[in-house]
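Me: I have a structure open and would like to go through it with you piece by piece. Could you keep the answers plain and spell out the cut-offs as we go?

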Amino acid sequence: MAVLFHPRLFSVGVFQRQAFAAPERRRRFSASAVNTSVESGAAGKSGTAILWYKHDLRVEDHLGLNAASQHRCVVPLYIFDRRILSRFSDETLELLLFALEDLKKSLTEQGSNLLVRFGSAENVIGELVKEVQASNIFVEEEVEYELCLMVDLVKESLSTSSFNGNNPEIVMWSSPFYDVKSSRDLPSSFDDFQKLKLPIVSPLLPPKLPGNVMSLSWGTLPTVDDLKEYVDDVTGGNTKKEWTSIKKFSAENLLQRKLRENRVLKPAELKEDNQQGSGTGTTQRKKSEKSAFLTSQGSSVGGGSSLVLNALAAYLRYLEGTARDEYQEVHDKLRLAETREGASFQALFGSALLLGIISRNRVYFEAIKYEKERNGGFLSPFGYSTITVAATINTVVSMEWYWLLNLKGRNNEAGKFPIRIWRWNNYLIQYTVAGQEGPAILLVHGFGAFLEHYRDNVYPIAESGNRVWAITLLGFGKSEKPNIIYTELVWAELVRDFIIEVVGEPVHLVGNSIGGYSVAIVAGLWSSLVKSVVLMNTAGNIAPGYSPLSYSKDRRTSGAAWLGARVLSGYLRFNIKNILRNFYPTKTERADDWLITEMIRASYDPGVIYVLESIFSFDLSLPLNYLLEGFEKKLLIIQGMKDPLSDSKSMLAMFREHCRGAAIKEINAGHCPHDELPNEVNSIIKEWVVTLENSCSNVDNTLI
């Protein structure tokens with residue numbers, strides 16, 4: 001159901017991150033014409049300001065710091081809050097400490113310091129406000145749901161506390177990338193977005209901070225080991241810790257090992273296999289004093305702003321010969337990370353951008369500066385002169401677009417579902433949830449679709465006493481579409497991590513098309529996360545004898561895939577209406593203008609072509625009956641018998657023969673029965689969940 005299109009090298013000009021509508025006692029500002037003074041009561045020059053650092057660990061191009069510097073006194077603050085830290089990998093935690101060390105040094109050189117505290121943000125800030133009598137708390141705006149909740153808790157805590165004088169105000173700031181007035185009025189199509197040709201705002205210089213440093217217990221930064229121990233010290237018992245440890249093992253390494261030995265692996269074996277598969281090894285060559293690869297894994301650029309900018313200069317100059325050791329190191333890492341053209345920039349610099357060690361604006365202008373150096377001070381109208389320049393600019397423009405698109409989605413109260421944002425592997429993922437209590441159900445869409453494809457399933461299923469989540473997978477809808485190699489294993493790992501981090505308990509997994517195959521992988525590799533599996537016109541096959549099994553690890557894009565994706569994208573875009581109607585043979589009116597418009601909208605998103613190329617490298621060779629072995633009595637097959645993509649009768653015959661015990665429901669529908677005949681499918685799913693839950697309850701009572 002994909003309608004996909006590849007925009008050429010992005011013509012740059014879009015918009016800045018804007019804030020939410022300001023509630024009482026919380027102000028927000030951004031700047032289209034930025035100067036060092038903010039004409040607002042929120043940036044008054046008297047009193048003390050707290051600058052709460054989260055993902056903005058720098059002094060350059062920092063609008064919040066510039067505004068806070070207008071106060072009589074500024075207290076820069078970093079809080080080691082587990083809600084923030086738990087989202088980071090071990091390598092990102094290391095990068096965080098290096099960045100904070102450099103930030104502390106930069107602030108000290110300005111006559112200031114960095115206050116370090118541990119605990120919940122609402123408690124730490126509440127106590128600090130009283131201690132320093134702060135009038136304002138400056139904090140960068142977030143788009144992620146959990147972080148927005150955390151900021152709301154801080155606001156609520158401050159509003160219910162007693163202070164001498166007026167209650168402090170929370171001032172939400174956002175760095176302007178494009179000069180735009182309001183995100184609410186922005187088009188949702190990247191194509192229309194580019195036509196605005198909005199100018200990009202130049203990076204800000206570091207402000208001069210007030211010299212009067214308060215006498216505080218500023219605190220010290222922890223060691224890496226202490227920080228990891230602090231993050232791991234979470235409540236929830238052994239089950240939560242076991243679930244968290246699951247994420248450390250990649251699906252590919254686990255699957256390869258499982259196929260070799262065809263048995264369940266012990267945690268110690270998994271750890272050994274995962275380390276072998278990571279390719280990092282224990283031997284590392286001597287690093288340059290200016291190396292930006294500071295972590296034990298050594299795969300991401302980090303340190304302070306100067307180190308990251310130096311690594312960026314090396315990355316941009318990949319085609320130039322160099323005798324500098326730190327440049328050669330970047331070039332070596334680039335070659336390893338270039339799994340497809342341009343993918344290395346996100347792989348190397350993604351964590352530095354996530355932590356805000358440098359801003360996207362600064363990266364953009366550094367790339368443009370180098371491009372002009374190569375072209376005698378001019379920019380060519382025919383594209384960028386090197387792959388590294390193109391990769392750098394395209395990545396930061398893409399990141400900014402998805403940030404704003406998701407911010408717009410969060411602010412859109414007219415949508416059918418309340419949209420929440422979750423960050424996975426540094427990428428923004430959309431999801432929704434309905435229901436307050438009952439069994440957990442997760443709905444996973446097919447190729448080219450999005451969470452809204454369950455438009456008439458989420459609420460009806462939830463209203464029967466269930467909690468229902470629907471997710472938009474990476475590469476689809478309004479979720480981010482980074483330059484990576486997309487595989488069914490990538491989506492399976494995303495679903496796995498979503499269950500662990502967001503849902504927090506075993507789920508009934510429901511998947512359509514390629515989403516069905518992905519949830520089957522989740523059930524096969526991480527069965528403790530899954531209560532049951534519901535497959536609706538799933539991708540994949542049934543194999544009577546599946547030994548020996550093989551699985552391809554090489555997914556690099558071929559020339560044929562590159563060309564095929566571009567030819568296919570044009571065909572799909574101009575034929576989407578007819579294609580959708582073929583998928584909805586019983587009720588063609590369900591292939592309505594809304595669905596067509598949403599798919600065409602997504603076809604203009606940056607990165608779409610990378611997703612489409614994955615069609616030519618999918619490996620669905622692992623049979624469903626192998627993946628779902630042991631789930632037969634917890635497996636429901638809902639099959640639209642008029643599916644134009646498969647022989648439904650033959651498929652069901654194979655399920656009946658080789659997945660004995662599976663429940664099968666035949667529907668007079670096409671490839672997407674849940675959307676074509678939602679009432680019928682909803683009834684089947686609700687009855688299925690009730691039956692299984694009652695069965696589990698009866699077993700528990702018998703054991704008692």
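Me: Let's start with a loop: where is Ser513 found?

Reply: Ser513 is found in the loop between strand E11 (507-512) and helix H18 (514-525), where helices (H or I, at least four residues) and strands (E, at least two) are DSSP runs numbered from the N terminus. Before going further, please note that this is a predicted model, in which local features need pLDDT of at least 70 and side-chain atom pairs count only at pLDDT 80 or more, while totals for chains, interfaces and linings use all residues. Residues are numbered from 1 along each chain as its sequence is written, and side-chain values use heavy atoms, with hydrogens and water left out.

Me: Ok, and is Ser513 buried or exposed?

Reply: Ser513 counts as buried, because its relative accessibility is 12%; buried means under 20% relative accessible area, exposed means over 50%, and partly exposed lies in between (1.4 Å probe, protein chains only).

Me: What about its phi?

Reply: Ser513 has a positive phi of about 60° although it is not a glycine. Asn426, another residue other than glycine, has a positive phi near 80°, and Asn426 sits in the loop between strand E7 (420-424) and strand E8 (427-434).

Me: Stepping back, how many helices and strands are there in the chain?

Reply: The chain has 25 helices and 14 strands. Of its 704 residues, 57% are buried, and among contacts (heavy atoms within 4.5 Å) with a separation of 6 or more, 79% are between residues 24 or more positions apart. The chain exposes about 29,200 Å², of which carbon and sulfur atoms supply 49%; accessible areas come from the Shrake-Rupley method with a 1.4 Å probe, and for residues only the protein chains shown count as cover.

Me: Salt bridges next. How many does the structure hold?

Reply: The structure holds 26 salt bridges, a salt bridge being a side-chain nitrogen of Lys or Arg within 4 Å of a carboxyl oxygen of Asp or Glu. One of them joins Lys247 and Glu501, whose closest N and O atoms are 2.6 Å apart. Lys247 lies in the loop between helix H8 (237-246) and helix H9 (251-261) and Glu501 in helix H17 (residues 488-503), so this pair ties together parts that are 254 residues apart in sequence.

Me: Are those two buried or partly exposed?

Reply: Lys247 counts as partly exposed because its relative accessibility is 24%, and Glu501 counts as partly exposed at 34%. The C-alpha atom of Glu501 is also 9.2 Å from that of Ser86, although the two residues are 415 residues apart along the chain. Ser86 itself is in the loop between helix H2 (82-85) and helix H3 (90-109).

Me: Which residue does Arg455 meet in a salt bridge?

Reply: The side chain of Arg455 meets that of Asp675, at 2.9 Å from N to O. Arg455 lies in the loop between strand E9 (440-444) and helix H16 (458-462), whereas Asp675 is in helix H24, so the pair ties together parts that are 220 residues apart in sequence. Arg455 is buried, with a relative accessible area of 8%, and Asp675 is buried at 0%.

Me: And Lys481, which residue does it meet?

Reply: Lys481 meets Asp605 in a salt bridge of 2.9 Å, N to O. Lys481 lies in the loop between strand E10 (467-471) and H17, and Asp605 in the loop between H20 and H21, so they tie together parts that are 124 residues apart in sequence. Lys481 is buried, and so is Asp605. Returning to Arg455, salt bridges that share partners join Arg455, Asp456, Arg590, Asp592 and Asp675 into one network.

Me: Now the outside: which residues form the nonpolar patch?

Reply: Trp562, Leu563 and Val567 form a nonpolar patch on the surface, with about 330 Å² of accessible area together. Patches are made of residues with over 30% relative accessible area and no salt bridge, with like charges joined within 9 Å and nonpolar side chains (Val, Leu, Ile, Met, Phe, Trp, Tyr) within 5 Å. Val567 is found in helix H19 and counts as exposed, because its relative accessibility is 56%.
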